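Morning, everyone. Please bring the model up on the screen, and we'll walk through it.

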Amino acid sequence: HYGLSYALLCAGRPADALQAVANADESDFNARFTRGLVYHMQGDFDRALQAYDRADTVAVRNADRGGLARARGRALATSGRYREAAIRVGAEGTWFEAKLARPIFARQQSGHALYATLMLAQNNVEEAEAAARRALDTTDERPQMEAIAAAHHVIGRLCVVRGDVDGALSAFSAALEAREAFAVRDEPAIGLTLHAIADAYAARGDYERAVANLRRALSHFSETPDERRPRLITLLALRDGLIRIGRAADAIEIGDQMIDLLSKRPEADLQLLGYAMALQTQLLLDAGRESRARQLFTDWQMRLARRAGEAFDHRLWGVQTLAIGLIVRSVTPVLSAQSAYSGSLLYNLAEEALSVAESNAPNTLAALAARRDLGSILIALERWQEARDAFAPLLAETPTAESVETVEADDPLLTMIRLSAHIGTARSALAPAEHDPMRDPAVAAEQFDAAAELEPDSIARGNLIRESAAARSAMGDEDGAAARYLDALTLLDRE
């Protein structure tokens with residue numbers, strides 16, 4: 001039973017392996033341990049640990065204790081319990097192996113290599129290196145290529161931490177040689193090792209070799225859900241390498257592959273998808289392909305809208321804020337009594353998004369965009385003074401010709417000017433407790449004139465001058481308004 005079950009496990013048929021021991025004696029160590037291995041391979045680590053614990057309660061031969069400790073350690077580590085895993089592996093994974101009557105059958109090398117990996121995961125550099133060296137120095141038992149590869153990989157990582165690029169390349173290359181010598185090749189592990197070699201070349205500044213090794217690494221990753229993440233990480237690194245060596249067209253192609261990978265079902269997490277699409281959009285803009293960039297950005301908005309419910313409940317505040325902003329910006333221009341969203345609901349959503357953004361990322365574009373959305377809602381609701389107060393923090397300083405290329409880049413300024421002019425001329429009982437110069441149409445006119453001087457586009461400049469004329473008319477300066485209207489007409493008629 002146990003031999004058949006283990007053979008089925010090695011063949012990648014865990015369900016059949018479990019069936020093979022279904023009628024085995026439950027009080028036997030092998031039955032319990034085999035069930036643990038099956039659950040382990042199926043990814044059910046809680047049940048695997050329970051089975052390993054039950055196996056430890058019956059009579060266990062010393063020859064089996066090392067294997068049990070290593071299996072339990074791997075399950076604990078996968079569950080994030082690194083310290084407990086290291087204690088198990090360090091205490092039992094090697095000690096019992098050293099006591100075997102026939103060392104040739106021992107697995108001390110495997111225990112040392114696993115312990116080194118667990119120590120590295122806990123940033124215990126000294127213990128990790130010592131254990132890795134012990135694994136490589138073990139000579140009186142049959143070589144375990146997986147353990148040798150793991151030990152070299154640990155040493156490579158330690159060399160990276162120390163800035164020893166040559167040492168890292170040597171260690172990772174040795175790890176690759178060991179992995180390629182497996183009787184049954186672990187393709188994802190080979191891919192990860194090639195990626196590590198590429199990172200070492202990149203650290204040295206040799207991006208041509210880094211790109212070549214990343215392409216090799218990709219050939220070892222499939223597009224299955226289990227291998228999607230390492231493939232995505234490798235694609236990201238390859239994209240960066242191609243950009244660094246000036247191959248933007250190839251980088252764009254890799255970016256498309258990233259998005260295609262994340263679009264396969266089950267669809268990727270919104271955070272990953274949005275990040276990949278944002279990178280690709282920026283790359284397209286840098287390459288002068290603005291039309292394609294706009295299409296991709298629109299595609300992202302449609303995907304986000306389609307998965308809005310998921311976005312609202314997302315674990316990351318950034319995804320939540322993006323979804324709220326999309327709803328607010330989509331509905332605000334057509335806000336009315338017949339809208340599916342009430343004004344108060346949109347206001348509450350925008351206020352929540354602003355609070356979350358400013359709490360997690362103050363003074364960033366995300367926070368500024370959330371504040372802009374709140375101000376836009378207040379304008380749509382004709383709550384002029386509150387809108388002006390919402391936009392006010394966006395104006396840290398008045399833009400200059402050196403700091404602003406176009407007036408469109410400083411949209412909050414124009415919004416404030418228009419609000420100030422509106423408040424100054426609105427037919428309402430608004431009476432400020434103290435004088436506010438921004439409520440003066442004369443100030444608004446001056447600001448529109450200043451904005452017009454910064455605007456390179458003649459049509460946009462003409463529209464700004466026309467706004468200045470309207471403000472002057474509101475303050476009773478009909479001659480000034482007429483002159484500004486004439487200037488605006490000259491610019492607009494020319495076009």
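Let's start on the inside. The largest cavity has a volume of about 30 Å³. Keep in mind that this is a predicted model. How many cavities of 30 Å³ or more are there? The count comes to 1.

Who lines the largest cavity? The residues are L232, L236, M258, L262, L272, Y275 and A276. Which one gives the largest share? That's α16, with 3 residues. By class, the largest cavity has 7 nonpolar lining residues, no polar ones and no charged ones.

Go to α3, residues 29–41, and α4, residues 45–55. Their axes come within 8 Å and cross at roughly 165°. An angle over 145 degrees counts as roughly antiparallel, so α3 and α4 are roughly antiparallel to each other. The crossing of α3 past α4 is left-handed.

Now click on the contact residues. On the α3 side, you want F29, R32, F33, R35, G36, L37, Y39 and H40. They meet F45, R47, A48, A51, Y52, R54 and A55 in α4. By class, that α3 to α4 contact holds 9 nonpolar, 2 polar and 4 charged residues.

Move along to α10, residues 145–162, and α11. Here the axes come within 8 Å, crossing at roughly 165°. That makes α10 roughly antiparallel to α11. Left-handed or right-handed? The crossing of α10 and α11 is left-handed.

The α10 side brings M145, I148, A149, A150, H152, H153, I155, G156, R157, C159 and V160. The α11 side answers with G167, A168, A171, F172, A174, A175, A178 and R179. Sorted by class, the contact of α10 with α11 has 13 nonpolar, 4 polar and 2 charged residues.

Stay on α11, residues 165–179, and turn to α12, residues 187–204. These two axes come within 9 Å and cross at roughly 160°. That makes α11 roughly antiparallel to α12. As α11 passes α12, the crossing is left-handed.

From α11, the residues in this contact are V165, D166, A168, L169, F172, S173, A175, L176 and R179. Their partners in α12 are A189, I190, T193, L194, A196, I197, A200, Y201, A203 and R204.

One more look at α11. Residues A168, F172, A175 and R179 are among those that meet α10. A168, F172, A175 and R179 are also among those that meet α12.

To recap. The largest cavity is lined by 7 nonpolar residues. Helices α3 and α4 run roughly antiparallel. Helix α11 meets α10, and α11 meets α12. That's my tour. Thanks.

Technical notes:
Residues are numbered from 1 along each chain as its sequence is written. This is a predicted model: local features need pLDDT of at least 70, side-chain atom pairs count only at pLDDT 80 or more; totals for chains, interfaces and linings use all residues. Side-chain values use heavy atoms; hydrogens and water are left out. Axes are lines fitted to C-alpha atoms, for helices over the stretch in contact, and angles run from 0 to 180 degrees between N-to-C directions. Helices (H or I, at least four residues) and strands (E, at least two) are DSSP runs, numbered from the N terminus. Angles under 35 degrees count as roughly parallel, over 145 as roughly antiparallel, 65 to 115 as roughly perpendicular and the rest as oblique. A crossing is left-handed if the near helix is turned anticlockwise from the far one by less than a right angle, and right-handed if clockwise. Contact means heavy atoms within 4.5 Å. On a 1 Å grid over the protein atoms alone, a cavity is a set of points where a 1.4 Å probe fits but cannot get out, and a pocket is an open set with protein on both sides within 12 Å along at least five of seven lines; lining residues have an atom within 4 Å of a point. Grid points are joined across faces, edges and corners, and a volume is the space filled by probe spheres set on the points. Ala, Val, Leu, Ile, Met, Phe, Trp, Tyr, Cys and Pro count as nonpolar, Asp, Glu, Lys and Arg as charged, and the others, Gly among them, as polar.
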